[in-house]
Amino acid sequence: MIQTIADSSRYPFEWIDVTAPDDEELKQITEKYALHKSSIKDWLQPDHLPKYEDVGTYVFIIFRIHSDKVGAEADTVAELTDKLAIFMTPDTVITMHKKEWGAPELIREQQVDQHSCESTVHLVNEIIKSCIATYEAPSLKLTKDIEYYEENMFLKNRKASLLKGLYYLRRRVEVTRRILMLSHDIVDKMDMPDHANTYTRDTRDLYVKLHNIYDTLFENMNHLVMVYFSISSQRTNEIVRVLTVFSVFFMPLTFIVGIYGMNFDFMPELRLKWGYPGVMILMGFITFGIYVWFKRRGWL
């Protein structure tokens, strides 16, 4: 679907928004605005990463918008974000995306209609700022998810899916952080000295803020994963220690039972009347002695 958001007869530029175009619409846009085939090929790739490219007759930008709905096990660029292609000339801006995107109308009402966008560069800056802002709400949700895992990390009755959830949470943070890192060149080019203003600096400030947030989240996730394995290792050591204590108790008893289980006719204690109770008492003393020794060493 091809939609005109801002007409050149009313505004100082033209803004065309294209949503999930079919082959005919894509051909029409390509021929009318002389778009290069390589740019269209990049836009058609579902997992293409952010890029800023000066083609010559226009500037081509690919930006990733954070998806509104993300699955619990989403951990790839295509699953976590939606692609937006921007074609910018001095007179025209074309935005292309495959999923519904409600930002164009909002940007026109809040920025274009208030005459704060006087050129296509300023308009694209507002578009990019709107795209960056989509990462703010997910950062809050990721923070809450990390707090949830931190609370459950130290519980003894841990859920079996805890490690799996940690893996997907870490992947989401890592992929989103990587997308923001790759978007730095776009934000940097939009805030170049020849056309920098208050609005481009606001976009840069928002980008830096979210970049720092996701850096912190990534560090917290790495720390959380390390804590998880440390706690798992500690609990394994506790289990091994308990089993070792039991084995030490039974080792001398097994030795005694092994000796008296041998079937030799001329064993000296074999015919003793009090042999059985004597051996049982001896085993009891050995067990008690081991217990006292462990207690004094602080192992029990």
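**A guided walk through a predicted protein chain**

Buried residues, meaning those under 20% relative accessible area with a 1.4 Å probe and only protein chains counted, make up 42% of the 300 residues in the protein chain. The model is a predicted one, in which local features need pLDDT of at least 70 and side-chain atom pairs count only at pLDDT 80 or more, while totals for chains, interfaces and linings use all residues. Residues are numbered from 1 along each chain as its sequence is written, and side-chain values use heavy atoms, with hydrogens and water left out.

The protein chain holds 10 helices and 6 strands, where helices (H or I, at least four residues) and strands (E, at least two) are DSSP runs numbered from the N terminus. Its radius of gyration, taken over C-alpha atoms, is 34 Å, well over the 19 Å that the globule rule gives for 300 residues, so the chain is more spread out than a compact globule; that rule is 2.2 Å times the number of residues to the power 0.38. Along the principal axes, the C-alpha trace of the protein chain spans about 120 × 40 × 30 Å. Of the contacts (heavy atoms within 4.5 Å) with a separation of 6 or more, 66% are between residues 24 or more positions apart.

The surface and the charges can be taken together. The accessible surface of the protein chain, from the Shrake-Rupley method with a 1.4 Å probe, comes to about 18000 Å², and 58% of it belongs to carbon and sulfur atoms. There are 35 positive side chains (Lys and Arg) and 41 negative ones (Asp and Glu), with His and the chain ends not counted. The centres of these two sets lie 14 Å apart, when each charge is placed at NZ of Lys, CZ of Arg, CG of Asp or CD of Glu.

A search of the whole structure finds 5 aromatic pairs, that is, rings of Phe, Tyr and Trp (its six-membered ring) whose centres lie within 6.5 Å, with planes under 30 degrees apart counted as stacked, over 60 as edge-to-face and the rest as tilted. One of them joins Tyr 135 and Tyr 214 edge-to-face, at 6.4 Å centre to centre and with 85 degrees between the planes. Tyr 135 lies in the loop between α5 (120-133) and α6 (136-153), and Tyr 214 in helix α9 (residues 198-260), so the pair ties together parts that are 79 residues apart in sequence. Both Tyr 135 and Tyr 214 are buried.

Elsewhere, ring pairs link Tyr 58, Phe 60 and Phe 87 into a cluster. Ser 39, in helix α2 (residues 37-44), touches Val 55 as well as Tyr 58, Phe 60 and Phe 87, when residues up to four places away in sequence are not counted. With 1% relative accessibility, Ser 39 counts as buried.

Ala 137, in helix α6, is exposed at a relative accessible area of 53%, where exposed means over 50% and partly exposed covers the range between buried and exposed. The C-alpha atoms of Ala 137 and Asp 68, 69 residues apart along the chain, are separated by 9.6 Å. Most residues other than glycine have a negative phi. Ala 20, in the loop between β2 (14-19) and α1 (23-32), has a positive phi near 40 degrees and is partly exposed, with a relative accessible area of 44%. Ala 34, in the loop between α1 and α2, has a positive phi near 55 degrees and is exposed, with a relative accessible area of 52%.
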